[in-house]
Amino acid sequence: VYPATNIGLSSPPEPLAMVRDDMLRWGDNVWVSHGNAFQTVMIGGARVGLDPKFLLAKARQVIEKRSPPNLWITAGGGALETCSGVPGLINEMMLQTDRGVTRVFPVFPADQAASFRRLRTFGAFVVSSEIDRGKIGYVEIESEKGRPCQLVNPWPGRDVRVQRDGKPAETVRGELLELQTRPGETLRLAPA
């Protein structure tokens with residue numbers, strides 16, 4: 001699941017469900033005491049859409065069990081990558097791209113508020129957004145290379161207003177938004 005990204009939220013439903021079901025059967029020997037690979041387990045859980053409260057509880061257990069006061073997470077054989085488990089989990093909860101399809105806050109607790117600025121994702125895009133109690137306020141996409149961007153509509157069933165470089169541009173609709181971009185262009189999306 002991670003870092004290979006062979007399966008994710010855009011995968012066919014059957015293998016995605018199989019991986020989720022398998023992960024939910026794992027005990028704390030995998031989630032909390034998995035040694036050097038805990039970061040792949042946590043991030044992988046977010047990439048297949050496990051319950052965010054479950055994932056945050058497991059991350060808290062890892063921190064409480066395996067961290068000295070400086071929050072360095074110890075792991076057998078681990079080095080710098082042990083620092084990536086919790087931040088990587090949070091990033092994947094806020095922004096994911098799988099099979100060319102980007103999602104904002106795909107696996108995030110519905111009762112919490114958060115924002116992120118300038119997270120990089122596949123396709124040479126830098127994304128910013130915010131959420132409050134399950135409602136996404138806006139999505140900003142900076143296109144570095146001018147590639148097409150596919151974004152799962154953060155406002156299901158609603159049309160989406162697009163501003164390009166600060167100027168009103170078009171309204172798009174559908175479950176999957178297909179946005180053409182230019183190099184260096186910034187798109188700001190909000191519900192219509």
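Biologist: How many bridges join S2 to strand S6 (residues 149–152)?
Modeller: In general, strands of a sheet pair through backbone hydrogen bonds, either parallel or antiparallel. Here two bridges join S2 to S6, and these strands run parallel. Valine 101 stands opposite glutamine 150 in S6. This is a predicted model: local features need pLDDT of at least 70, side-chain atom pairs count only at pLDDT 80 or more, and totals for chains, interfaces and linings use all residues. Residues are numbered from 1 along each chain as its sequence is written, and side-chain values use heavy atoms, without hydrogens or water.

Biologist: What counts as a strand, and as a pair?
Modeller: Strands (E, at least two residues) and helices (H or I, at least four) are DSSP runs, numbered from the N terminus. Two strands pair if DSSP finds at least two bridges between them.

Biologist: What do S1 and S2 form?
Modeller: A hairpin, with two residues between the strands. Arginine 99 in the turn has a positive phi of about 55°. S1 (residues 95–98) and S2 run antiparallel, joined by four bridges.

Biologist: In what order do the strands of the open sheet stand?
Modeller: S1-S2-S6-S9, with mixed pairing. S1 and S9 (176–179) are at the edges with a single partner strand each, so one side of each has no neighbour in the sheet.

Biologist: Are the faces of strand S2 covered or uncovered?
Modeller: Buried means under 20% relative accessible area, exposed over 50%, partly exposed in between (1.4 Å probe, protein chains only). Both faces of S2 (residues 101–104) are covered. Val101 and Arg103 are buried on one side, Thr102 and Val104 on the other.
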